Amino acid sequence: MAVMINMASKKPDELKTLIANHERVGKTDSDRYRAAVAELASRNSGELTLEKTVAVITAAAKRGIFISYKDVADGNGAAANRVQFRIAKHLLEVSRHAHKLGWPMISAIVVNKLHVVDGKMEPKTLAGFCECARSMDLEVGDEATFLHAQQRAVFQAAKEGRLS
């Protein structure tokens, strides 16, 4: 029987070490790893939690729609104006988490409110999204093409039931 660790009592460096150790030995499917990732993401994002954000994004993906940053904040029960400066970093953590699960970068379908119809990202946002992808050793090439491929992959994975 596995002993559960109280992740809330861990310091950020301890969480990072625990995460890195699990990744090093390929144990990213363990409950301890997931709990540590969720705790660290929660701390880094204030009121935004990895679990809630993943749920909001995957629900939208299953419906085949793009969502806004405000939708993510609302899904977390957070006021958008209180998390607006942290949400980009949070979404990058969400994409890293998804990548470790073998999923596409699920934050690809979260866009500015003006673009929920077409799925485009503002240039600065697209650059950050693609930089995150490169940091995970994904081949980006043309950034807009990469974004669209990730968006299609998110919707396809949701359709096939692979985002759970």
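**Helices, core and rings**

Guide: Let's begin with α3, which has 14 residues and reaches 20 Å from its first C-alpha to its last, close to the 20 Å expected at 1.5 Å a residue. Keep in mind that this is a predicted model.

Visitor: OK. Which residues in α3 are buried?
Guide: The buried ones in α3 are L50, T53, V54, V56, I57, T58, A60 and A61.

Visitor: And what is α3 followed by?
Guide: G64 follows α3, and its phi is positive, near 75°.

Visitor: What else does T53 touch, not counting residues up to four places away in sequence?
Guide: Besides H90, T53 touches V72, N76, L91 and V94.

Visitor: H90 is in α6, I guess. Which residues of α6 are buried?
Guide: H90 is one of them; I87, L91, V94, S95, H97 and A98 in α6 are buried too. They cover an arc of only 160° around the axis, so they sit on the same side of α6.

Visitor: How far does α6 reach from its first C-alpha to its last?
Guide: α6 reaches 20 Å with 14 residues, close to the 20 Å expected at 1.5 Å a residue. Just after α6, G102 takes a positive phi of about 85°.

Visitor: Tell me about H97. Buried or exposed?
Guide: H97 is buried, because its relative accessible area is 12%. Leaving out residues up to four places away in sequence, H97 touches V37, L50 and V54.

Visitor: Switching to the nonpolar core: how many residues has the largest one?
Guide: The largest nonpolar core has 48 residues, and those with the most contacts inside it are I57, I106, I109, F129 and L163. At least two residues of this core come from each of α1 (12–24), α2 (31–45), α3, α4 (69–75), α6 (87–100), β2 (110–111), α7 and α8.

Visitor: Take I106, then. What is it in contact with, leaving aside its neighbours within four places in sequence?
Guide: I106 is in contact with V54, I57, V94, S95, A98, V154 and L163.

Visitor: Now aromatics. How many aromatic pairs does a search of the whole structure find?
Guide: The search finds 2 aromatic pairs. F66 and F155 form an edge-to-face pair, with 5.3 Å centre to centre and 75° between the planes. That pair links distant parts of the chain, 89 residues apart: F66 is in the loop between α3 (50–63) and β1 (67–68), and F155 is in helix α8 (residues 143–159). Both F66 and F155 are buried.

Visitor: And F129 with F146, why is that pair tilted?
Guide: The ring centres of F129 and F146 are 6.0 Å apart and their planes are at 45°, so the pair counts as tilted. F129 belongs to helix α7 (residues 123–135) and F146 to helix α8, 17 residues apart. F129 is buried at 3% relative accessibility, and F146 is buried with a relative accessible area of 7%.

Visitor: Last one: where does K27 lie?
Guide: K27 lies in the loop between α1 and α2. K27 is partly exposed, with a relative accessible area of 47%. Apart from its neighbours within four places in sequence, K27 is in contact with H22 and Y33.

Methods:
Residues are numbered from 1 along each chain as its sequence is written. This is a predicted model: local features need pLDDT of at least 70, side-chain atom pairs count only at pLDDT 80 or more; totals for chains, interfaces and linings use all residues. Side-chain values use heavy atoms; hydrogens and water are left out. Rings of Phe, Tyr and Trp (its six-membered ring) pair if their centres lie within 6.5 Å; planes under 30 degrees apart count as stacked, over 60 as edge-to-face and the rest as tilted. Helices (H or I, at least four residues) and strands (E, at least two) are DSSP runs, numbered from the N terminus. Buried means under 20% relative accessible area, exposed over 50%, partly exposed in between (1.4 Å probe, protein chains only). The expected span of a helix is 1.5 Å times one less than its number of residues. A nonpolar core is a set of buried Ala, Val, Leu, Ile, Met, Phe, Trp, Tyr and Cys residues joined through side-chain atoms within 4.5 Å. Contact means heavy atoms within 4.5 Å. The arc is that of the directions from the helix axis to the C-beta atoms.
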